Amino acid sequence: MNKKNSPPDVTAAAINIRTTSRSPVSTIIQATLCGIAVLMAVCSPDSAWSAPPPISIAAAGSDDGAVPANGVFGFLNQINRSNNLLGDLWGLRTDLSRYGLTLSIEETSESLGNVTGGTQKGFTYDGLTQAVLQMNTQRAFGFYGGLFNVSALQIHGQNLSSNNLQSLQTASGIEADRGFRLWEMWYDQKFLDEDRLDIKIGQQSVDQEFIVSSNALMFVNTMFGWPMLPSADMPGGGPAYPLSALGLRLSARPVNGLTLLAGVFNGNPAGNANSGDSQQQNLHGTNFPLGNGTLSMIELQFSYPAVGSMVMAGETPPLGWTYRIGAWYNSEQFSDLRLNQSGQTMGNPSNSQNPLQHHGDFSYYAVADQLVWRDATESNRTLAVFARVMATPLTDRNLIDGSINAGVALHCPFAYRTGDTLGLGVGYAHVSSNASGLDRDTANYTGSYTPKRSAETFIELTYQYQVRPWLQIQPDVQYVINPGGGVSNPAVQGSRINNELVLGLRTNISF
C-alpha cells in the first residue's frame, strides 16, 4: 500500500514561562514522569503513503506567553490570537513545561471525491489525529542537547484512492488503514560545539528527514511527501507514515551550509511478510520487528544561506536554496516481477508462479528547493520552486523505476494574506519494463484484456487559507492522467480506467 505525505522533523520550543501556582494536573505529571524517564532510557544511546501535514510543536507553557485563561471556556477569550484552539489546555501546557514536556495535538479532516473516471464516482471523508509528546532534557534534568519524542496516530474515515481511483499516486497523504497506532518513539542527542553532530535512536519514520522537499509539504497528494518510487518498491512501502522502524540516524554538519544525513533501519517495517497489507501486519505500530534485512540511507544537503549567516540592516534577504542528493539500499530479498525461478515468464499461467528472487534493491535521488522571487515592497510575498527526481536501474524487481515531483509555491498571494500559500504541482511515475512486460505476456498467453502499463501523471492545484493561527482551510483540485499506469477498469470490461478529476477540501486544526 502506498505511503502518505509526512511532516518534517519537529523540535520542542524553548520558551520561558512565569512561575504560577501549581494546578492539580501537577500531581498527575509527577506520578507519570518517572515512567517517561524509564521509557526515555530504553530509547537512549545507552541502552516511517503520502505524509500528514506538518504538525507544529506547541509552546511550552502558556500559549503565546499569555496568562492561562480561567474557566472551562476561558480559552475562547484568546481564540483569535492563540496558535492552538484550546490555548494552554486549562493550564496543562504550563504544568507540562515545568518538567520539560510539550504536548501538541492536530486534527486533519478532509472530504475528497472524483467527479470523473475511476472505478466508481463519489466523495468520501477521511481524517487523522496526531498527538506528539516531547521532553527536552535540559529543561527536565539540566542535561543539554537531549530530546525524547513519542507520537501516536488515530486514523479514521474512508480511503478514496483504494475505493474509487486505483491510482498509483494516492490522492491524500493521510489515507491509511483506520485505527489507533504508535508512530514514532525516539531519543535524539546533540554533540559538539554549535550542535554540529546529533544522533537519533529508536522507532523512526524516515520520511520526516530523508528525501524531503520543504516547499512540497503543503500539497494534499501523497507523493509530495514520501515519493512514489520507495512507496512502491520498498518492503511494506518503507518506514514512512503511518509506519516506522527501529534504527539509528546520524546528522553531521562539518561546515556551515553542508549537512550529512545517514541512517540504518530495519529493512521491513511490517515484519517478515513481504506481501499483503503492511499496516495490518503491524496493526498498532508496536511490533518493533528486527532481523528483516537493513535499510541504509545517506543524503548530502547543501543550503544557502548557511546556518549562522546574518543579514545586515537595510539589506534584502537572499533568495535561499537547499539541494539534496542521496541514495538508499535495502538488503532484503525481492521477487522478480516477470520471471519465475526457471527463468520463464509468469504471464503464462501454465508456468510456475514462484518468482525468481533477487538480493537487495536501491535507488538514488536528487531534491531541489529554490526561492526564485521576493516582492520588493512585500517581503512575505515570495515564489519558490521545487523538484525531486528518483530512479533505479533494477527494473526486474521494481514496479516503479522512476518518479518525478515538481511545482511552485506562491506565499502571500494576496495583500495582507501573509499566512496563505497557493501551490501548483505535478507528479509522474514510470512503470518498469519488467512490469509492463508481464502485462504483455499475460495478454499473449491468456488472450484476456490486459493493458500494458506505462506511466501515471497527476496535476494538483491547491490553496492553503490561514483562517486563524490554529486553523487552515485548503480547497484542492487534482487531475490524474492514465490512472494506475493504464490498468483495466474492472467495472467496464475491455477498457482502461478513465482520467480522474478529484475535488477536495481539507482542514487543519491545532489544539
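pLDDT is the predictor's confidence in each residue, on a scale from 0 to 100. The structure above is a predicted model, in which local features need pLDDT of at least 70 and side-chain atom pairs count only at pLDDT 80 or more, while totals for chains, interfaces and linings use all residues. Residues are numbered from 1 along each chain as its sequence is written, and side-chain values use heavy atoms, with hydrogens and water left out.

## How confident is the model?

The protein has a mean pLDDT of 87, and 85% of its residues reach 70 or more. Residues 1–49 have a pLDDT below 50, and this stretch makes 170 contacts in the model beyond near neighbours in sequence; a contact means heavy atoms within 4.5 Å. Residues 60–67 also stay under 50, with 29 contacts beyond four places in sequence. Where pLDDT is low, the predicted coordinates should not be read in detail.

## The nonpolar cores

Let us turn to the inside of the protein. A nonpolar core is a set of buried Ala, Val, Leu, Ile, Met, Phe, Trp, Tyr and Cys residues joined through side-chain atoms within 4.5 Å. Buried means under 20% relative accessible area, exposed means over 50%, and partly exposed lies in between (1.4 Å probe, protein chains only). In soluble globular proteins, nonpolar side chains tend to be buried together.

Which residues touch the most other members of the largest nonpolar core? They are Phe-210, Ile-211, Trp-226, Met-297, Trp-328 and Ile-400, out of 30 residues in this core. Elements that each supply at least two residues of this core include α5 (228–233), β9 (258–266), β12 (355–374) and β14 (400–411). Helices (H or I, at least four residues) and strands (E, at least two) are DSSP runs, numbered from the N terminus. Another core lies apart from the largest one; it has 16 residues, among them Ile-79, Leu-85, Leu-86 and Tyr-187.

Beyond four places in sequence, the contacts of Ile-400 include Leu-168, Met-228, Leu-229 and Val-431.

## Rings and a charge

Rings of Phe, Tyr and Trp (its six-membered ring) pair if their centres lie within 6.5 Å; planes under 30 degrees apart count as stacked, over 60 as edge-to-face and the rest as tilted. By this rule there are nine aromatic pairs. Ring pairs join Phe-219, Phe-224, Phe-386 and Phe-458 in a cluster.

A charge sits over a ring if NZ of Lys or CZ of Arg is within 6 Å of the ring centre and within 35 degrees of the ring normal. Lys-200 lies over the face of Trp-186 in this way, 4.2 Å from the ring centre.

## Buried residues in strands and a loop

Strand β6 (residues 179–191) holds Asp-188, and Trp-183 is in strand β6 too. Asp-188 counts as buried because its relative accessible area is 6%. Trp-183 is buried as well, at 3%. Asn-136, in strand β4 (residues 122–136), has a relative accessible area of 16%, so Asn-136 is also buried.

| Side chain | Partner | Distance |
|---|---|---|
| Asp-188 | Arg-249, side chain | 3.0 Å |
| Trp-183 | Ser-205, side chain | 3.2 Å |

Leaving aside neighbours within four places in sequence, Asp-188 is in contact with residues including Gly-146 and Leu-147. Asn-136 touches Gly-100, Gly-146 and Leu-147, again not counting residues up to four places away.

Is Pro-413 buried or exposed? Pro-413 counts as buried because its relative accessibility is 15%, and its place is the loop between β14 and β15. Pro-413 and Thr-382 are 31 residues apart in sequence, and their C-alpha atoms are 8.3 Å apart in space.

Most residues other than glycine have a negative phi, and most peptide bonds are trans. The bond from Tyr-241 to Pro-242 is cis, with omega near 5°, and Pro-242 lies in the loop between α5 and β8 (245–255). A cis peptide bond also joins Tyr-304 and Pro-305, with omega about 0°.

Gln-166 is not a glycine, yet has a positive phi of about 60°. Gln-166 sits in the loop between α4 (160–165) and β6 and is partly exposed, at 33% relative accessibility. Asn-482, not a glycine either, has a positive phi of about 60°.

Definitions and conventions. A polar contact is a pair of N or O atoms within 3.5 Å; within protein, one must be able to donate a hydrogen and the other to accept it, and residues adjacent in sequence count only if both atoms are side-chain atoms.
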